[in-house]
Amino acid sequence: MPEPVVRKTVSSMEEIFHEGGPLPATTQRRAWIMTVIENPFAGRYVQEITGFMDDLNPLGLSMAGRLIEVLGGDASLVQGYGKGAIVGTAGELEHGALWHAPGGYAMRELLGDARAIVPSAKKVGAPGVRMDVPVTHINASYVRSHFDSVEVGVHDSPRANELAVVLVMTTGGRIHARSGGLAVEDVKGEDGLR
């Protein structure tokens, strides 16, 4: 397959200072990056599509690196992550599934010893559609304080023949998380769950 054809990349970062209640000791940052690429399978059914995942690997690494920079450049501060893909209307949901491995493994590689599976969302949509990308802790999926989502979208993307691939990272859990469960300080990081 050819190298992905990129139309645009968009990133956004929010810094949360307050969510009601007492002020947190540290602010939380949540950021996402979306790259809009041509969908090489748009408008037709193609049986063998898995080769495109290999072509997406360099894009995944580039996006993950840029996202760490958006968050301040220190990968050790990242505590949560997620990924997603929005498929333009001339594509099929399975085209978005091709982002699972390239997006997830890229973040895990650049974040060092990240062990938890990277949660994911995908959908087919018209330009401007929004999507909630799920987020969990990078080393332990059972850390409830990090169960979250980040809404992403770009006003003109994806066009019918495009894919919009997304990575999300956060520097902490929900501010004032108090729903119990496994605490960050108790994570063993052995199996990606606890």
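This is a predicted model: local features need pLDDT of at least 70, side-chain atom pairs count only at pLDDT 80 or more; totals for chains, interfaces and linings use all residues.
**Stop one: helix H1.** Select residues 51-70, the 20 residues of H1. From first C-alpha to last, H1 reaches 30 Å, close to the 28 Å expected at 1.5 Å a residue. Now zoom in on Asn57: H1 has a kink of about 35° there, shortly before the proline Pro58.

**Stop two: the buried residues of H1.** Show side chains for Phe52, Asp55, Leu56, Leu59, Gly60, Met63, Ala64, Leu67 and Ile68, the buried residues of this helix. As you look down the axis, keep in mind that an α-helix has 3.6 residues a turn, so residues three or four places apart point the same way. What do the buried residues of H1 pack against? Color strand S2 (28-38), helix H3 (100-110) and strand S7 (162-170), and you have the partners.

Go to the loop between strand S6 (148-152) and S7, where you'll find Pro158. The peptide bond joining Ser157 to Pro158 is cis, with omega about -5°. For context, most peptide bonds are trans, and most residues other than glycine have a negative phi.

**Last stop: His176.** Move to the segment after S7 and pick out His176. This residue isn't a glycine, yet its phi is positive, about 65°.

Methods: Residues are numbered from 1 along each chain as its sequence is written. Side-chain values use heavy atoms; hydrogens and water are left out. Helices (H or I, at least four residues) and strands (E, at least two) are DSSP runs, numbered from the N terminus. The expected span of a helix is 1.5 Å times one less than its number of residues. The bend at a residue is the angle between axes fitted to the seven residues ending there and the seven starting there. Buried means under 20% relative accessible area, exposed over 50%, partly exposed in between (1.4 Å probe, protein chains only). Contact means heavy atoms within 4.5 Å.
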